[in-house]
Every structure is written in structure tokens, then in C-alpha cells.
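Subject: Structure for your review

Dear colleague,

Please find the structure below, together with its sequence. My findings follow it, and I would ask you to read them with the model open.

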Amino acid sequence: IITVTFAMFRIITALFLRDTLALASSDAEMAIQEKMRQKENCAAKLLDFFQAADTSKDGYLTLAEFEAILAEDTVKTWLSLMELDVHDTKQVFCILDNGDGLVSSSEFVEGILRLKGAARSQDVMRIMHFCRTLISEVSLMQANFQKGG
């Protein structure tokens, strides 16, 4: 009787564990889907924002258009709710710009999504790696310059 009771207990425990793991797996999938949905909603809102800021309706933001829309307190508050604090509009524009002096809708949405929130350790590590590489290259250039000159 003890063996049968123990076996029944183990079977019930195994069934409970299986159901728990299935539920946890389902929760993880739902969390991923929710995160993706939130990112898509955020991108759609940013695109609407871009279209409102593009007063010339040419599909690009100029620095003047960007500064004009960010001068509004409601826009700054909205961006702050999206975890993006814009204090220096020119600096943010330069970050978003690919160098041509204009920001396209895709540059804007992708750039803002990357700027959103706090820096992750991966971002900091990438910057540190870039700085080390840059220092190494500058040191090499300096050494070559000193040899030649």
C-alpha cells in the first residue's frame, strides 16, 4: 500500500510539474508577443509623430522642423513618457541624421527606438570597445608620424 501511495504521489507530482512547465512556456511566449506588440505600437506612434513634425511634407525632417516640434511642452512630455528625454535637440538630430542634414522616417523611428530608455550594458561595452580601437589607431598613427617626421 505504501508503494502504491508513493507511486500515485509521484504521478500526481509529475502531472502537476508538466502543467506548470507548460503554463510557464505559454507565459513566456505571451510576454514575447506582448513586447513585440508594444514595439510595433511605439513605432506607429513615432511614425505619426514624424508625419506631424514634417511640415514640408517631403518625407524628411530638417533641423528647423525638429526644433519647432520639440519646442512644444506637450511633445517633450510625450517623449518623456516614452522614456526619451530630449534636452539638446541639435544633438539628438545629429544622432538620428545619417550625415545628409535630413532625417527620414525610417532613420527617425529606428533611431528613437534605439535611444529609448537607459543605456544597456551591451551599449556601454560596444562604446568601450570602439574607444579602445580608436585609441589604438590614434597611437599607431602618432607613432608612424613620429618615425617619419
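Among contacts in the chain between residues at least 6 apart in sequence, 57% link residues that are at least 24 apart. Please bear in mind throughout that this is a predicted model.

The chain as a whole

The chain has 149 residues, and buried residues account for 19% of them. Its secondary structure consists of six helices and two strands, which follow one another along the sequence in the pattern α-β-α-α-α-β-α-α. The radius of gyration of the chain is 26 Å, whereas a compact globule of 149 residues would have a value near 15 Å.

Threonine 89 belongs to helix H4, which covers residues 89–96. Is this residue buried or exposed? Threonine 89 has a relative accessibility of 18%, and it therefore counts as buried, since the cut-off for that class is under 20%. Apart from its neighbours within four places in sequence, threonine 89 is in contact with Phe66, Glu67 and Leu70.

Leucine 81 lies in helix H3, which spans residues 73–81. Its relative accessibility is 68%, so leucine 81 counts as exposed; the class requires a value over 50%. Between the C-alpha atoms of leucine 81 and aspartate 48 there is a separation of 16 Å, and these two residues are 33 residues apart along the chain.

The pairing of H4 and H5

Two packed helices are described by the angle between their axes and the distance between those axes. For H4 and helix H5 (residues 105–115), the axes come within 9 Å and cross at roughly 115 degrees. H4 is therefore roughly perpendicular to H5. The crossing of these two helices is right-handed.

Which residues make the contact? H4 contributes Val92, Ile95 and Leu96, while H5 contributes Glu107, Phe108, Gly111, Ile112 and Leu115. By type, the residues of the contact of H4 with H5 comprise six nonpolar, one polar and one charged.

Yours sincerely,
A colleague

Note on methods. Residues are numbered from 1 along each chain as its sequence is written. This is a predicted model: local features need pLDDT of at least 70, side-chain atom pairs count only at pLDDT 80 or more; totals for chains, interfaces and linings use all residues. Side-chain values use heavy atoms; hydrogens and water are left out. Helices (H or I, at least four residues) and strands (E, at least two) are DSSP runs, numbered from the N terminus. Buried means under 20% relative accessible area, exposed over 50%, partly exposed in between (1.4 Å probe, protein chains only). Contact means heavy atoms within 4.5 Å. Axes are lines fitted to C-alpha atoms, for helices over the stretch in contact, and angles run from 0 to 180 degrees between N-to-C directions. Angles under 35 degrees count as roughly parallel, over 145 as roughly antiparallel, 65 to 115 as roughly perpendicular and the rest as oblique. A crossing is left-handed if the near helix is turned anticlockwise from the far one by less than a right angle, and right-handed if clockwise. Ala, Val, Leu, Ile, Met, Phe, Trp, Tyr, Cys and Pro count as nonpolar, Asp, Glu, Lys and Arg as charged, and the others, Gly among them, as polar. The radius of gyration is taken over C-alpha atoms; the globule rule is 2.2 Å times the number of residues to the power 0.38.
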